[in-house]
Amino acid sequence: MNRFFSVSLFFLTGTFTVLAQDTVFARKTLEILYSKKFAVRGYVHHGQERAADWILKEFEKEKPAQVGIQEFNDQVIIFKKNPSLIIDGKKMNLGSEWLPDADAPPLSGNFKVQILDSNFFAHSTQVVGNSILFAPSSIRAKAQNFAQKNQRPLLIYGNQPPLWTVKRSFSKSSALYWKGNFSEPPKDVKVSIHSKIKNHTFQNVWAVLPGKSDSIILISAHYDHLGQCGPVMFPGANDNASGTAMMLDLFHHLSKEYRPYTYVFCAFSGEEAGLLGSSYFVKNPTVSLEKLKFVVNLDLMATGEDGITVVNAHQEKEIYQRMLEINKDVGLPQIAARSNAPNSDHYPFTQAGYRAIFLYAQGPSVKAYHHPDDVPEKVLWKGYHQIFHLIHTLIQ
Ligand SMILES: [Zn+2]
């Protein structure tokens, strides 16, 4: 009886604290970051610059001790004009049916199809003039290698929707991904891709909330996304408007509370183009990283119905154990542990010898990853309360 009572009280207390955090701010932030003004936080129409200015203003609302924008230059490939693919006279739908590879150099022309399969590699490796190589996604790496070596364009087909990313330099030849259905291989392919390399100024936005100790806990989230390929938008609602919203939500909360540590908030840019913002920040920190206790990086925060994964958990056992302990109150279904990986902005910190973890939510509600379907309407903020509460307790 006694035991039951104490367990219930514990549960109720936990639930009450969790419910105090709602998703109104996160939803509003997501809508703003998705709005037309920010051009899906990509590399055209000043999308990223405008988003950086908006984040700066959001930080400035709380009058932090230090706040600023850190700029650096790099280059990215953009696809400004509308790329087109016509297969046997039928125009394919950009985004849903096909995409050029993100590092595809410009390509225009009519091509005959040359099929690459195991038979081809077994009997001949001769390419015919003015052809586009045609290969299933099952032999993608081999086909891509061959196409690059022979400097031929390549059309890869498969059932998966094409995945897009951001690249900074061209590959030797263009590869295209086609979610194709056909009874016979196509014969004629007409392609037009006008990609170009753009010099771009990236912005990291940062703010400092000092606390009792000058030991620093740094909370980061990347606000950039893939932008667009021609007219096709990659909204990046879950990746990573959701993490940016969570980071800003934590910032607003901590600005009004007693702070045992000093908190540095970083909205990094250029993550999708190769962890550029965080790499630059680690080499050119705007605060002294000597006092850095640890980094919590947030990416893909809106789908927590199945809990979260902690990247670098095996190396950061103490932090991970503390999260498991906190979760007895919070009640996320799972806190999975994963080894370190170069998959988000925590990584440059760990490579420079700092302590860092990366959290991403895991659940089926947003399936679209690096896809035009990563839209706000699909973001249901499952588990947001619990994840917020978990991080908020961890960093106290
Ligand atoms: Zn991301």
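Two strands are said to pair if DSSP finds at least two bridges between them, and with that in mind the reader can turn to the sheet of this predicted model. Here eight strands come together in an open sheet, and, followed from one side to the other, their order is E3-E2-E9-E5-E6-E7-E8-E4, with pairing that is mixed. The edges of the sheet are taken by strand E3 (90-91) and strand E4 (98-100), each of which has a single partner strand, so that one side of each is left without a neighbour in the sheet. In general, the strands of a sheet pair through backbone hydrogen bonds, and they may do so in a parallel or an antiparallel way.

Strand E5 (residues 107-115) and strand E6 (residues 131-136) run parallel, and four bridges join them. Among the residues involved is Gln114, whose bridge partner in E6 is Leu133. A helix is also found against this part of the sheet, for helix H5 (residues 140-149) lies across E6, strand E7 (154-157) and strand E8 (175-178), and it runs at about 175 degrees to E7.

Stepping back to the whole protein chain, the reader will find that the domain assignment gives domain 1, made of 15-77 + 198-394, and domain 2, made of 82-191. The centres of domain 1 and domain 2, taken over C-alpha atoms, are separated by 35 Å. Where the domains touch, 16 residues of domain 1 are in contact with 15 residues of domain 2. On the side of domain 1 that touches domain 2, strand E1 (66-78) and strand E13 (232-234) each supply at least two residues, and E1 gives the most, with four residues.

The crossing in which H6 passes H10 is right-handed. From H6, the contact is made by Met246, Asp249, Leu250 and His253, while H10 contributes Phe388, Ile391 and His392. Taken together, the residues of this contact of H6 with H10 divide into four nonpolar, two polar and one charged.

Methods:
Residues are numbered from 1 along each chain as its sequence is written. This is a predicted model: local features need pLDDT of at least 70, side-chain atom pairs count only at pLDDT 80 or more; totals for chains, interfaces and linings use all residues. A crossing is left-handed if the near helix is turned anticlockwise from the far one by less than a right angle, and right-handed if clockwise. Two residues are in contact if their C-beta atoms, placed from the backbone, lie within 7 Å. Ala, Val, Leu, Ile, Met, Phe, Trp, Tyr, Cys and Pro count as nonpolar, Asp, Glu, Lys and Arg as charged, and the others, Gly among them, as polar. Axes are lines fitted to C-alpha atoms, for helices over the stretch in contact, and angles run from 0 to 180 degrees between N-to-C directions. Domain bounds come from an automatic or database domain assignment.
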